[in-house]
Amino acid sequence: MSQNTKKHHEPLIHIVKRDDMVWWQAWGIRLAAIVLGVLLIGIVSAVLTGESFFEVYGIMFRGVFGRIFEGKTSMLWKFGQDTVILLCLGLAVAPAFKMKFWNCGAEGQALIGGLAAMFCMIQFGGKLPEWMLVPLVIVSSIIAGAIWGLIPAIFKARWNTNETLFTLMMNYVATQIIAYYVYIVGGGSNVINPVETGALPVIGKSQYLLNILIVAALTVAMHVYLKYSKQGYEITVVGESQNTARYIGINVKKVVLRTMMLSGAVCGIAGMLLVAGTDHSINKDTVGGQGFTAIMVAWLGQFNPFVMVLMSALIIFLRTGAAKVADSNMLNSSFADISVGLVILMLVGCEFFIQYSVRLRRAKKGVEA
Amino acid sequence: MANQAAIELKNITKTFGSVVANKNVNLTANRGEILSILGENGSGKTTLMNMISGIYFPDEGEIFIDGQPAVIASPKDAFDYKIGMIHQHFKLVDVFSAAENIILGLKEKEGYNLKAAEARISAICEQYGFELDPKKKIYTMAVSEKQTVEIIKVLYRGADILILDEPTAVLTPQETQKLFAVLRKMRDDGKSIIIITHKLHEVLSLSDRVAVLRKGEYVGTVETAKTNESELTEMMVGKKISLNIERSEPKDPQVRLEVHHVDCTNREGSLVLDDVSFHVNAGEILGVAGIAGSGQRELLEVIAGLQKTDSGAVLYHNPKTGNVDLLQGKTPLQIRELGVRLSFVPEDRLGMGLVGNMDITDNMMLRSYRKGHSAFLERRAPKDLAEHIIDELEVVTPGITTPVRRLSGGNVQKVLVGREIAAAPTVLMAAYPVRGLDINSSYTIYNLLNQQKEKGVAVIFVGEDLDVLLELCDRILVIGGGKVTGIVDGRTATKEQVGLLMTKTEGGAEQ
Amino acid sequence: MIVEFISRAILLSIPLLYGSVGEILTEKSGHLNLGIPGIMYSGAIGGVIGAFLYENACGNDLANMNPFLAILIPLICSILFSVFMGLIYSFMTVTLRANQNVTGLAITTFGIGLGNFFGGSLIKLVDSDLPSIALTKTSKFFKAELPFADDLGWFGEIFLSHDFLAYLAIAIALAASFVLSKTRIGLNLRSVGENPATADAAGINVTRYKYLATCIGSAVAGLGGLQYVMAYADGVWSNNAFGDRGWMAIALVIFALWKPSMAIVGSFLFGALCNANNYVQGLGAETQELFKMLPYVVTIVVLIITSMRKKREHQPPESLGLPYFREER
């Protein structure tokens, strides 16, 4: 610890918190992170598969959109469907996260919503006319999701019970309930045969069109809710500072409960879209872990619904595309998870360069930074 | 030993974003002396000392220790140079014992031995006359005990340059005298002691030399024996000022708010308000004086409906209806629904009064967003109000959409006070509204409070500067250890009288 | 049957114990690592790859295998994989100060993907009929019992019949407990998690402690994955078989009140609950599905109870989940 050796020890790299960055600079950095991640995936794929670097992207593109230039749109519809389901779950968790309530339970809330839809479709199918049954399916799934979201919120509001772990555990409880239900209805076969009664109607060319339209409407509605409604404003205040919220007379507990009901309800809609709008059946993997991906969609989209549209599209593109690359080269399909994980890590990491700036000390002597 | 430079700063500059905290500061502290760093709040004293103790790293300039150039890049480096800092906000781990906190981060030869450490701590206590139980957990301690832990922590490491940041802010006069005695003992041991303060009388009674900072710049160093209060004030504020705060006679004082025998227990279970009774008139400023943490915050929060009471009553005389309403036990929202126009400028501006990440318009809405039956927000009126306040109070901001956390302390306070006054209150409570503000902004705030008073508002002003309290307030309520120790007339009371009342029950409350 | 039940519960509890002790070490430095499930997957697949390579190098002949190497190679591979994941997590959250929850979830996605990718690739490589890869030879070395365990009846079966990784888990838990409460390193680590600004001011290298705690914690958690494959599953890897044990390990941390020694008790209880459905008589297959809910419901109940009893010493480290930046103003 001699003091002489310290003389030249002046730290070379110095990290400073930035003032706010101009929005286009921030998004420029995020875009760069995405590009870097996508390039990395391309390089890794090229090395693993022996395809040429550019061909990898060709496979990805064709894998996602199919032969769209020849007028075949089925792959495009599927892409749209996958995107809106992920987006819907992202829209659901956004208000909760904005309130700093870590709702990791979108998976379970969507499953329970889907279960409610399935239950109504099976139980009342043929007994009620379709015009009554379909609304019943929709409403019951919304209510079921809301209740599933409300349970952890009650304990959070009353005893400040850690919601991250609570919601996480609720996912597995939901999964087991579905497993139980499927076993009973499927009679041990672990499959429920598709039920057509009470399913959402098909409009237009694709069965996915209605799902896409519903989520598009939801996106606009969520944007308006968060930005222009009084309740949305309360969510922001509670998320920024509970002290301030109390100071201006916001009932924090009420906002927590209300927001989690909303979050659960939108998850319920996602479950309903999957069950009544797509599969017409249900199983443990109906949501397929997208509840977690949705958290990242909401976070990376900065809780802005329109940015979240782009983020879900990006993730679905990478997932489908990377799976296709893996598929056509005898790689395991989990390559897709790795790719998505990689790009998300890039995006999460790049926030550092938006909030902080790294200065080299020697270089800037006398120069105004 | 004396007059030998222990530490020397040359042309130190430090900026945070666009804020210059220190600019070309030069300073020398000698061995065997007590050096005061004097300056107003926000003059850059703490930032400067943080650079000596390795918390911040200077953008420019050099530090010399014992004449040798030194690089202090981390607190560890500071220890190696035998520099120890006692921060204003104690850096202690709450769930640890005193001894665990003291030996934290050390690499002693005998390994991890709490018993040996406790024995050494007791020896240090004896040497300098401290009282401390090394096994006591920090979260059960009183502030003065925590400070003792901090000082012993530094001594335990063998520091011979000690920096104390506003050490007396949380102490009673008796505790302050005790601390000063200890510091003098250390000086006589040949240690170099730097004490940051803005209290002139402490500077004069304790230090050998005084260095003055103003707005981040170094003004000069003088020997205490050859200076006086007015010269130091002049150095500190730039020109000689007499406070000269206008004070009009209260017009038609009627009781607006009554507090009867209020008891209040905080979350940790200690009694923070003990049988508090007083009243506030319309058209007067009631000052609240007391040592920091004597229950001032809880008192205001009880009135605002943010803190539950154990017993007692808070009564509001409604000038419109003539009714007397009970406020305690109600939420802020219920209080507002009663038609009580209560405005509150809390101590924690960005943590309670405002939302740092929201812009000025959205912060204006905090009070008014509920208006109307629509489910949606109405941003036009808040925007007009924001523009009006920026204009009227000369808020310096890049624009109306700038997040308030990017404004300077004075401007943040103007936004907050402006909003609270815009609500046309009948009761206005302000906790430390000029803390951290420059002289000009402080006067803006005093004038605003006076205007409110003349409009017939009942103003409650919690302050720390006795001179201000005595010149601004009509009556001063003194609070000590959660009890009202006296209510005096602001026009006739003396500083000594108030100071005495502030400490009256301290001794009793400790036991 | 009681004896078998207890013995089985212990076996089931070991991966959870590894996972939760690893997570406790990480959380003590102030980092809530939700990447633990992914890290346990990568620890498992690391071991599988190591074992696969060594078995192949020995020509898939048990006689050629050196018991010492058969254990050491998978062990080192497992640690390398999980530490690599831990390093990514710490780089993101400590150096880049990224949001811990989002980073953790991304690490879990990444780690599970990594596990299944390599697992799936190996399965394809050996051209197996089943969707799994069996490393039974390596598993034999891992599962070597104490020679006299069988002679001691129920005592032997409960306490002495386990693989060495099970005893290592308990040893690590006890050692972690000792280090945290009785050594200077433990004191420093706890201070970093409670109040990093204080630790920093006391001259503790906060960044180094955070990195080390996260990486060592990841290595320990990864061993849980290894023990699962090599001992519990008899060396058979199939994709997604490890399931959601990682999340349970995280839940256990709360149950154990951040004490590694309590995690031993907690993991045994969880192991017993996971296992109970096989030992309760007369359960239909559908009720069994409901029974599998039990550990999660118990975790929720524990979560609620600890949150209701707000004891100061039983709370999470104070700065858990918050990034630390020295020059924060």
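## Close-up views of a predicted model

**View 1. Domain 2 of chain B meets domain 3 of chain B.** Here 13 residues of domain 2 are in contact with nine residues of domain 3. Two residues are in contact if their C-beta atoms, placed from the backbone, lie within 7 Å. Helix H15 (residues 439–454) of chain B gives the largest share of the domain 2 side, five residues. Helices are DSSP runs (H or I, at least four residues), numbered from the N terminus. By class, the domain 2 side has seven nonpolar, four polar and two charged residues. Ala, Val, Leu, Ile, Met, Phe, Trp, Tyr, Cys and Pro count as nonpolar, Asp, Glu, Lys and Arg as charged, and the others, Gly among them, as polar. The C-alpha centres of the two domains lie 25 Å apart.

This is a predicted model: local features need pLDDT of at least 70, side-chain atom pairs count only at pLDDT 80 or more, and totals for chains, interfaces and linings use all residues. Residues are numbered from 1 along each chain as its sequence is written, and chains are lettered from A and ligands numbered from 1 in the order in which they are written.

**View 2. Chain A touches chain C.** Chain A brings 40 residues to the contact, and chain C brings 42 residues. Helices H5 (130–159), H6 (163–186), H11 (290–300) and H13 (335–355) of chain A each give two or more residues to the chain A side. That side has 27 nonpolar, ten polar and three charged residues.

**View 3. The surroundings of A:Cys88.** Leaving aside neighbours within four places in sequence, A:Cys88 is in contact with A:Val215, A:Leu218, A:Val266, A:Ile269, A:Ala270 and A:Leu273.

Key
Domain bounds come from an automatic or database domain assignment.
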